[in-house]
Amino acid sequence: MLRHEFRPGRLIAGLTALGIAAAFAGDAAGEWDTPWFVVVPVLTGGLVLAGTATWIAYGMRRRRALRAASRESTEAPASTSGSQAIR
């Protein structure tokens, strides 16, 4: 059993941030030259990709939950006497 749900959007956003950090760390170390404007398209693309992955994963989790709920609701309700009425 997993301790928490897998969040692909957070993974993609984190990998994007690590990629940008690695590019500028290499620039700071003098290994290569990274222009400052590279961060804008890489960050934008990574965040769009992360948002898309999050949206798809949310839809899959929601669909799975709805299927599980429809399987569980085939029995009689817990109380039919009306004692659970809203006041």
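How many salt bridges does the structure hold? The structure holds two, a salt bridge being a side-chain nitrogen of Lys or Arg within 4 Å of a carboxyl oxygen of Asp or Glu. The model is predicted, so that local features need pLDDT of at least 70 and side-chain atom pairs count only at pLDDT 80 or more, whereas totals for chains, interfaces and linings use all residues. Residues are numbered from 1 along each chain as its sequence is written, and side-chain values use heavy atoms, with hydrogens and water left out.

Glu 5 takes part in a salt bridge with Arg 7, in which the closest N and O atoms are 3.4 Å apart. Glu 5 is partly exposed at 42% relative accessibility, where buried means under 20% relative accessible area, exposed over 50%, and partly exposed in between (1.4 Å probe, protein chains only). Arg 7 is likewise partly exposed, at 39% relative accessibility. A salt bridge also joins the side chains of Arg 61 and Glu 5, with an N to O distance of 3.4 Å. This pair links distant parts of the chain, 56 residues apart: Arg 61 belongs to helix 2 (residues 39–72), and Glu 5 to the segment before helix 1 (8–29). Helices (H or I, at least four residues) are DSSP runs, numbered from the N terminus. Arg 61 has a relative accessible area of 23% and is partly exposed.

A patch of positive charge on the surface is formed by Arg 63, Arg 64, Arg 67 and Arg 71. Patches are made of residues with over 30% relative accessible area and no salt bridge, like charges being joined within 9 Å; Lys and Arg count as positive, and the place of a charge is taken as CZ of Arg. Accessible areas come from the Shrake-Rupley method with a 1.4 Å probe.

One aromatic pair is found in a search of the whole structure. Trp 36 and Phe 37 form this pair, which is edge-to-face, with 5.8 Å centre to centre and 85 degrees between the planes. Rings of Phe, Tyr and Trp (its six-membered ring) pair if their centres lie within 6.5 Å; planes under 30 degrees apart count as stacked, over 60 as edge-to-face and the rest as tilted. Trp 36 is exposed, at 66% relative accessible area, while Phe 37 is partly exposed at 48% relative accessibility.

Definitions and conventions. Helices (H or I, at least four residues) and strands (E, at least two) are DSSP runs, numbered from the N terminus. Patches are made of residues with over 30% relative accessible area and no salt bridge: like charges are joined within 9 Å, nonpolar side chains (Val, Leu, Ile, Met, Phe, Trp, Tyr) within 5 Å.
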